[in-house]
Amino acid sequence: MAEMEYSTERRHCRKGLLQNDELYKYLLDTSVYPRESELLKEIRDVTADHPMAYVGTAPDAGQLMAMLMKTVNAKKTIEIGVFTGYSLLLTALSLPDDGKIMAIDINRKTYEIGLPIIRKAGVEHKIEFMESAALPILDKLLEHKNNEGCFDFAFVDADKNNYLSYHKRLMKLVKVGGFIVYDNTLWGGTVALSDPSLAPEEKRPYLKFIVEFNKTLAVDPCIEISQVPVGDGMTICKRIE
């Protein structure tokens, strides 16, 4: 049993950008896993054998997100890209009982993998899941002026070619002083390659979009940013105007 548990944990030690897997495992074992909810561990476990398990939110990134949400006393959040619901459950556990999450994903089947655990946690009432592409929903929200600035926090882990489009809309929907967090902004370290053709084949289709996105955020005067090497790279934006 111990060996099986170790193997499950080890599968989650391959997403970091630290110099080696052993150092990333040390970080997780020392600072992340001891504080991680047992329910979040359950979602990691049920996701581990999924063929796309690698797209799930990294636990160290999730820990940082939870701290940010609590810092701004978030009550209303929006999440674009849900997968099996690790970040969604983490958000629901971080919000007060009357908190609300608008969760958008094109695939309900993957959401339903983690749904029993979300129900077990007693937080399903906080979640409005919408099976849809995100841009039409964001545009629909913006048709109503009272939706501007109505969200305290946003998390995006979805189609990278649309990150800029999401950002333009979320900058209207998230309040001044609120946070927008984007996952995968270091894209396995490939953003630093001088020759994009050297990137692994599976990274190439979205690489140019992420590089352009990073450049755009770096000069956006309406936000403060911090790009941190947790998980696969996470960019934290605080809306300041």
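Visitor: In which helix do D29 and K25 both lie, and how many residues apart are they?

Guide: D29 and K25 both lie in helix α2 (residues 21-32), where they are 4 residues apart, about one turn of the helix. Helices (H or I, at least four residues) and strands (E, at least two) are DSSP runs, numbered from the N terminus. An α-helix has 3.6 residues a turn, so residues three or four places apart point the same way. Please keep in mind that this is a predicted model, in which local features need pLDDT of at least 70 and side-chain atom pairs count only at pLDDT 80 or more, while totals for chains, interfaces and linings use all residues. Residues are numbered from 1 along each chain as its sequence is written, and side-chain values use heavy atoms, with hydrogens and water left out.

Visitor: What joins the side chains of D29 and K25?

Guide: Side chains of opposite charge can pair when their charged atoms come close. D29 and K25 meet in a salt bridge, at 2.5 Å from N to O; the term stands for a side-chain nitrogen of Lys or Arg within 4 Å of a carboxyl oxygen of Asp or Glu. By this rule the model has 12 salt bridges, and K140 with E143 is one of the pairs, with the closest N and O atoms 3.6 Å apart.

Visitor: Which parts of the chain does the pair E42 and K120 link?

Guide: E42 and K120 form a salt bridge whose closest N and O atoms are 2.7 Å apart. The pair links distant parts of the chain, since E42 is in helix α3 (residues 38-47) and K120 is in helix α6 (residues 108-121), 78 residues apart.

Visitor: Why does E42 count as partly exposed?

Guide: E42 counts as partly exposed because its relative accessibility is 27%, where buried means under 20% relative accessible area, exposed over 50%, and partly exposed in between (1.4 Å probe, protein chains only). D29, at 33%, is also partly exposed, whereas K120 counts as exposed because its value is 56%, and E143 is exposed at 55%.

Visitor: In what order do the strands of the sheet stand?

Guide: The 7 strands form an open sheet in the order β3-β2-β1-β4-β5-β7-β6, and the pairing is mixed; two strands pair if DSSP finds at least two bridges between them. β3 (127-131) and β6 (223-228) are the edge strands, each pairing on one side only. From one strand to the next, the twist averages 15°, with axes fitted as lines to C-alpha atoms, for helices over the stretch in contact, and angles running from 0 to 180 degrees between N-to-C directions.

Visitor: Which residues stand opposite each other in the strand pairs?

Guide: β2 (residues 100-105) and β3 pair in the parallel sense over 5 bridges, and I101 stands opposite I127 in β3. β4 and β5 also run parallel, joined by 5 bridges, with F151 opposite V174 in β5.

Visitor: Is β5 mostly covered or mostly open, and which helices lie across this strand?

Guide: β5 is mostly covered, as 7 of its 10 residues are buried. Helix α4 (residues 59-71) lies across β4 (151-156), β5 (174-183), β6 and β7 (234-239), running at about 10° to β7, with contact meaning heavy atoms within 4.5 Å. Helix α8 (residues 163-173) lies across β1 (76-80), β4, β5, β6 and β7, and runs at about 160° to β5.
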